[in-house]
Amino acid sequence: MSANYAATATDMIKTFGDTMAVAGVSLAVPTGSIYGILGPNGAGKTTTIRMLLGIIDPDKGSRALLGRERPLEAAHEVGYLPEERGLYPAMACEEAIAFMGALRGLPIKEGRARAIALLHGRGLGDWIGKPIRTLSKGMAQTVQLLGTIVHEPKLIVLDEPFSGLDAINQAKLEELIRAEAAAGATVIFSTHVIAHAERLCERVAIIAAGKVAFDGAVDEARGRLRPIVHLRTRAEDGPWRAALPSDARRSGREWKFELPEGGPEPLLRALLDGGAGIETLSIERPGLHDAFVAIAGEAAARKMDEPVEVAA
Amino acid sequence: MTVRETLSSAFVIGRRDFNATVFSKTFLMFLLGPLLPLLFGFVFGGIGARAEKNETPPTVAVISSPADFALLDKARTRFLPLEEGRPLVTLKSVAPEPDVPAQRDRLLGAEEEKLLGVLDGGLTAPHFTGAVNADGRTVKQIGLFVDEAQRLANGAPDSRGPPVKISLTDQSGGSLASAREITARAGQFLIFFLTVFLAGMLLSQLIEEKSNKVIEVLAAAVPVDSIFIGKLFAMLAMSLVGIAVWLTAGAIGAALFLDQGLGSLPPPAVGWPVFIALGFIYFTTNYLLIGAVFLGIGSQASTVREVQTLSMPVTMAQVLLFGFAVLGVGQPSSAEAIGAAIFPLSSAYAMIARAAEEPLIWTHISALAWQILWVMLILRISASLFRRSVLKSGPAFRWPWQRKAAL
């Protein structure tokens, strides 16, 4: 099990005061995958991650990180970018990166050399020697991200890594995540933006209200939904209507419904034979967003779309 | 997590803290600060030198016939040219009473006289009673005076009478034991002074990490124990750098302005080299003990304001600990002295006093082991409280004042 999974959690429960932040989360992150933890704010993503990493212990349940029951024992092989970013403001960029590496067991000299190489490699050579406090928030976040991977961890955990980044840097981050995964690392990241998960992840856990509503491949999540048919007809009514499912939604002469079990052929035949007069017809594969709505419910989905305060 | 990993993580944390503190511009102010009062001390004073001149030389009462005393005094006068800085023992004639032992005990117990000892038995059966080391200066001088007086009495250059019989007592009014109290108190005060000035900084050690959110990065990478150990030792190292600088400056100052620095203090029971070494060691353990408590208290505070508010009460608590240890000075075997040595937070103060008063070494070894054990215990407790109440790990834990009122 430990060889196949970089991280596992079994029935983790965590209560803060009267609030149950995590109400029995179980996860299995396959080694070498890009794994998204998806859910609205306050769903328990960060608490789940902090328990996985051993920053806090769950009230109940267990977890294993790279095969170790005590996550801190795997600390040297893990990189972590917390949701609330934090660096020592007086430290120079390369020192901050080297320090983060040193915390994970990388000798400080080696860390400094790698930090300089990492910065140069991204065209950020002129940041060398600059104290963190002189950088913008986004720049500091990039430095912290480099500090997260400087010791070449086997497992990279990123908590809301896209928040606070502009579109260009979001794209760069996606590229970095893909590159790390291609190099063999397992990447876990949490997000409330479905598009990021959809683009990057092979597997997702959908967390809502402290519980895992779904854990599996993105395709599997989508596969839970039938494709959606959008139809526009010239005829208002006719025998072809019998071919449409009873819960099809209609606005004027437009219909939207799930593709019936039989697939597109019987539907098309019924429409043509019944003289529906097809104006437009599209059959769409459901997106992760639709799957999310179906799995986590409308309420959670609405929460996902709420504006979010950007983490510091 | 092995001990080695915990310590190497602590080293990473400590190195960052040490560098961040020592290689900052404010550290220069930190170094210069304590030198200012020292400078004033030297400019306005030579205080130490003057105090030394006022000091009365050690006195030994001689219970003997006037003739014997005259010979002893004459003998003493012959040695006077050897005085050079440190005065010879002064002799004081006392007429014998019928019950000499009772008279001797009374003289030794007399506080106002400050007698180091009593010599009785005349020149034929000289007997010195007092509370000094058998190889001490006083006994050697008395031996010489008696030898010389016997030679003068017999008028023959080589003739020697019976040697001085020596009885050492624990205490006498002016005994070295009570003089050593000064050394004991000086040692205690120095450690107290340095700890009060330097350990308070540990209160605010975790505020930086908490306010700039680095704590999350640290706690994910290393055990909280390592964070605490690293921070504590970094501040100790920084303090020792400061002390080294101040000591050097102080020594240069003393060499320039004073004839004798430590010479004016009565020698401690364990001797100066051991006493100074123990002073360093006990400062270190005291700093670690009190610092660990401060670190633990400070880690619970969530704002700088809270830390500032806490700093006065914790300083008062330190004064209280110091006061507790001061109680036992002068009576190393009293309940107060032993209690203060056993209570971990006053142990270092009590033990440095003991080093001045008692020559035993094993007590220091066991006290150090005891103190180090408590440093580890306090750190562990602080770290686990931090994990539970600040990081909110494990079963719910709240301080009583954080609990919602039941009303």
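Trainee: Before we start, what pLDDT do local features need here?

Mentor: Residues are numbered from 1 along each chain as its sequence is written, and chains are lettered from A, with ligands numbered from 1, in the order in which they are written. This is a predicted model in which totals for chains, interfaces and linings use all residues, side-chain atom pairs count only at pLDDT 80 or more, and local features need pLDDT of at least 70.

Trainee: Okay, chain A. How many helices and strands does it have?

Mentor: Helices (H or I, at least four residues) and strands (E, at least two) are DSSP runs, numbered from the N terminus. The C-alpha trace of chain A spans about 80 × 45 × 35 Å along its principal axes. On that count, chain A has ten helices and 13 strands.

Trainee: How far apart do the C-alpha centres of domain 1 and domain 2 of chain A lie?

Mentor: The bounds come from an automatic or database domain assignment. Chain A is split into domain 1 (5-222) and domain 2 (226-285). Their C-alpha centres are separated by 45 Å.

Trainee: What percentage of the residues of chain A count as buried?

Mentor: Buried is a neighbour count: 20 or more other C-beta atoms within 10 Å of the residue's own, against 12 or fewer for exposed and partly exposed in between, with C-beta atoms placed from the backbone. Chain A has 312 residues, and the buried share is 43%.

Trainee: There's a three-stranded sheet in chain A. Which are its edge strands?

Mentor: Strands pair if DSSP finds at least two bridges between them. This open sheet is antiparallel, in the order β2-β1-β4. β1(A) and β4(A) share five bridges, with A:A9 partnered by A:R63 in β4(A). Pairing on one side only marks the edges, β2 (19-30) and β4 (60-65) of chain A.

Trainee: Which helix packs on that sheet?

Mentor: The angle here runs from 0 to 180 degrees between N-to-C directions, with axes fitted to C-alpha atoms, for helices over the stretch in contact. Contact means C-beta atoms, placed from the backbone, within 7 Å. The helix touches β1, β2 and β4 of chain A, and its direction makes about 120° with that of β1(A); that's α1 (residues 45-53) of chain A.

Trainee: On to the other sheet, the one with four strands. What is the bridge partner of A:R250 in β12(A)?

Mentor: That open sheet has the order β11-β12-β10-β13 (chain A), with antiparallel pairing. Three bridges link β11(A) with β12 (residues 254-258) of chain A. In β12(A), the partner of A:R250 is A:W255.

Trainee: A:E258 sits in strand β12 of chain A. Is A:E258 buried or partly exposed?

Mentor: Leaving aside neighbours within four places in sequence, A:E258 is in contact with A:R226, A:I228 and A:P245. A:A248 is ten residues away in sequence and 7.5 Å away in space, C-alpha to C-alpha. With 14 other C-beta atoms within 10 Å, A:E258 is partly exposed.

Trainee: Now the two chains together. Which element gives the most to the side of chain A that touches chain B?

Mentor: 26 residues of chain A are in contact with 21 residues of chain B. On the chain A side, the elements giving two or more residues are β1 (5-16) and α2 (93-103). By class, that side has 17 nonpolar, three polar and six charged residues, where Ala, Val, Leu, Ile, Met, Phe, Trp, Tyr, Cys and Pro count as nonpolar, Asp, Glu, Lys and Arg as charged, and the others, Gly among them, as polar. With four residues, the one giving the most is α2(A).

Trainee: In chain B, why is strand β1 largely enclosed by the rest of the structure?

Mentor: β1(B) runs parallel to β3 (residues 115-120) of chain B, joined by four bridges, and parallel to β2 (residues 90-94) of chain B, joined by five bridges. Strand β1 (residues 59-63) of chain B is largely enclosed because the residues buried are four of the five.

Trainee: Last one: at what angle do the axes of α13(B) and α15(B) cross?

Mentor: Residues meeting here include B:F322 in α13(B) and B:Y349 in α15(B). The contact divides into eight nonpolar, one polar and no charged residues. The axes of α13 (residues 304-327) and α15 (residues 344-357) of chain B come within 9 Å and cross at roughly 35°.

Conventions:
Two residues are in contact if their C-beta atoms, placed from the backbone, lie within 7 Å.
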